[in-house]
Amino acid sequence: MPVRALVVDPSASAAVRLAEVSDPVPGPGQVLVDVSHASLNYGDLNDARSGRIPVGAVLGSDAAGVVVQAAADGTGPAVGTPVVALT
């Protein structure tokens, strides 16, 4: 299934649109989460409209889901752990 995300698009209503994006790749000390719920807050929308965030950048500071890939260095939650995040 393709990865879909809310991204910055100044030409769209509220400067946000749903788009397919590249598969995320976790960095050192990071986990990969299958996000089932995400929300935009005032700050996300303000950033999208202000021009501070580049066109195409993924939005959504608040998310909840399940870890599908643990951190390579062994830190953080294990695969299968339900998590919430403020990024």
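Visitor: In what order do the elements of the protein chain run from the N terminus on?
Guide: This is a predicted model, where local features need pLDDT of at least 70, side-chain atom pairs count only at pLDDT 80 or more, and totals for chains, interfaces and linings use all residues. Residues are numbered from 1 along each chain as its sequence is written, and side-chain values use heavy atoms, with hydrogens and water left out. Helices (H or I, at least four residues) and strands (E, at least two) are DSSP runs, numbered from the N terminus. The order is β-β-β-α-β-β.

Visitor: Which residue caps the N-terminal end of helix 1?
Guide: Helix 1 covers residues 42-50. A side-chain oxygen lies 2.9 Å from the backbone nitrogen of Gly43. That oxygen belongs to Asn41.

Visitor: Which residue takes a positive phi just after helix 1?
Guide: The phi is about 90 degrees. The residue is Gly51.

Visitor: Is Ala14 buried, partly exposed or exposed?
Guide: Ala14 sits in the loop between strand 1 (3-8) and strand 2 (16-21). Buried means under 20% relative accessible area, exposed over 50%, and partly exposed in between (1.4 Å probe, protein chains only). Ala14 has 40%, so it is partly exposed.

Visitor: Which residues does Ala14 touch, not counting those up to four places away in sequence?
Guide: Contact means heavy atoms within 4.5 Å. The C-alpha atoms of Ala14 and Leu45 are separated by 7.2 Å, though these residues are 31 apart along the chain. Ala14 touches Leu45 and Arg49.

Definitions and conventions. Polar contact = N/O pair within 3.5 Å; in protein donor to acceptor, adjacent residues only side chain to side chain.
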